[in-house]
Amino acid sequence: MQSTATELFKDSQSYIYNWTFQWIKQLGLDNQGSHFVNSILLLLLVILFLIIIDYFTKRTLLLLTIKAIRRSTNRFDDLLIRNKTLKLIAHFVPILVAQYIMPIIFMGFPTWKENSNKVLDIATTVVSLLIIHSLLKSLRDMLRMKKSFADKPLESYLQVCQIILLFIGGTICFSILTGKSPWSFLLSLGAASAILMLVFKDTILGFVASIQVSANDSIRVGDWIEMPKYGADGTVKEINLNNVKVQNFDKTITTIPTHTLLSDSFKNYRGMQQSGGRRLKRAINIKISTIRFLENEEIERLKNIQILRPYIEERAKTIDQFNTEQQIDQSSPINGRKMTNLGMFRAYTLTYLRQNPNIHKTMPLMVRQLASTEHGVPVELYFFVNDIRWEYYEGIVSDVFDHLFAATKYFDLEIFENPASDDFRQVIRQQNLHDFADQQR
C-alpha cells in the first residue's frame, strides 16, 4: 500500500514537470534551455507557495495556541510566545512541504536536486537549533523571576549554551555539505586546537570566571561595586560571558571584562547594603590656637547645654576628687586636671550622635582626636547612618556637620581654613587704618 502511494506521488511529479516542460518548449527553446527555464519558473512558484504556507501556518498555530495559553496560569508559555518559539516551530511545515516539492523542480538537473536536499537538511538543522535556543531563553527568563536566581549570571550560562549550539550546528552542517562523518570534522579540529584556544581565549576565561564568580558569590546583579581601574562605580546591570555591565551613578555604562573580576581587585558594597548601616568617617580640623582650659564661669555657662549637663557634672566630680586626693596646687591652671573646650566639644559631639535617631546605635560610634597636622587638630567622627540610600545618607550627614560647625562657636573653638583673599584685604585695611591714625596724631 505504501509503495503504491509512493508511485502515485512520483507519477504526479512527472506529470507536473512534463506539463510545464512541454509548455515552455513551445516557446522555441532547446531541451537544456527548457529544463533550465522550467526549473527556475517552478522554483519561483514554490518559493511563493512556501511563503504563503509559512504565513498561514504561523497565523493558525498562534491563534490556536495563544487562546489556550492566555487561559493558563503558567507563565512559561507566555515566555514561549515572547521568544517566538511557536513561530520557529511553524517554519517546519514549509520545510517539510519543500522536501516533497523540490524533486519536481530539479527533475531535469540531478546535481541541483541533490544540492537542494542538502540545503533543506541544513535549514532543518538551523531551525531546530533556533527552537532549542528560544527554549533556553524562555528558561532563562523564567528563572529570572525567581528570587533565588535573580542575581545569578544567567546570561553567561545562556551564552555558553549558544556557543555549544553553534558548535553542534556547524559540525552537522559541515557533515551535510561534505557528506563525511561528523567525527572526521572533530578530529580535524584537534590539530587546530591551539589556534581555537587563542581565538576564544577571552571567551574561555570569561566562562571560567563566570562559574567561579557564581560559585564564590563574589558579585551579583544589583550589587554596587567600585573598580577604579576601569572607571566603574555603580550598580551591576548584567553579567554575561565576556563582560560585566555597570551603570555608574552618572548614568554612564562601564563594561568590565568578566575574567578581570578574578585577576583584579574591586570593592563590593553588598555587605554594607545588607547590614543596614552606612559608614561615615570624616574629621573636623580645629585651630590649635583656640584650644584652652575652661574657667569655672565658662563651665557653668556650658551647663545650660541640656545634653551636656550630665557629662559636666560627672566630669567635675571626678576631676575635683583627683585634685583633692593628689593635693594639687590650683593657683596655676596647668596644675592637676582641668576641663578643656576641645574635650568638652568632643563630649558634646559624642552625646549628640548617640541621641540622633538617624545614627545606628548597634554599630561602632566614636569621636576621636587624631594626630595634629599643619591644618590643626583633627576631631574625627566615626559612625554609621541607619539609612543606606545615598540621597538620605548625604542629607543626614550634612545635617550633622551643619550642626557641629555652628556648635564650635559655643566652645570658643575655631575651625581651621586657609586664608582667603578677603582675609588679606581685611589685614591690609586694618593696617591702613592704623597708619592713618598714627598720621593724625
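**Surface and make-up.** I started with the surface: the protein chain exposes about 27700 Å², and carbon and sulfur atoms supply 59% of that area. Accessible areas here come from the Shrake-Rupley method with a 1.4 Å probe, and for residues only the protein chains shown count as cover. I noted that the model is predicted, that local features need pLDDT of at least 70 and side-chain atom pairs count only at pLDDT 80 or more, while totals for chains, interfaces and linings use all residues. Residues are numbered from 1 along each chain as its sequence is written, and side-chain values use heavy atoms, with hydrogens and water left out.

I then looked up the secondary structure and found 17 helices and eight strands in the protein chain; these are DSSP runs (helices H or I, at least four residues; strands E, at least two), numbered from the N terminus. Of the 441 residues, 33% are buried, where buried means under 20% relative accessible area, exposed over 50%, and partly exposed in between (1.4 Å probe, protein chains only).

**Confidence.** The chain averages a pLDDT of 79, and 76% of the residues score at least 70; pLDDT is the predictor's confidence in each residue, from 0 to 100. Where is confidence lowest, and where highest? I found the lowest mean, 51, in helix H1 (residues 2–25), and the highest, 95, in S8. Over residues 1–13 pLDDT stays under 50, and the model has five contacts for them beyond four places in sequence; contact means heavy atoms within 4.5 Å. I left that stretch alone, since low-pLDDT coordinates should not be read in detail.

**Cores.** Next came the largest nonpolar core, with 34 residues. Such a core is a set of buried Ala, Val, Leu, Ile, Met, Phe, Trp, Tyr and Cys residues joined through side-chain atoms within 4.5 Å. Met344, Leu353, Leu381, Phe383, Val400 and Phe411 have the most contacts inside the core. Strand S6 (278–286), helices H13 (296–302), H14 (309–325), H15 (341–355) and H16 (390–407), and strand S8 (377–385) each supply at least two of its residues. I also noted a second, separate core of 11 residues, which includes Val213, Ile225, Met227 and Val246.

**Helix H16.** I checked the length: 18 residues reach 26 Å from first C-alpha to last, close to the 26 Å expected at 1.5 Å a residue (the expected span is 1.5 Å times one less than the number of residues). Its buried residues are Tyr393, Ile396, Val397, Val400, Phe401, Leu404 and Ala407. Down the axis they fall within an arc of 125°, so they line one face of H16; the arc is that of the directions from the helix axis to the C-beta atoms. S6, H15 and S8 are among what covers them. Glu391, Asp399 and Asp402 are exposed on the face turned away.

**Thr349.** Beyond its neighbours within four places in sequence, Thr349 contacts Val367, Leu381 and Leu404.

**Helix H14.** Just after H14, Gln327 takes a positive phi of about 50°.
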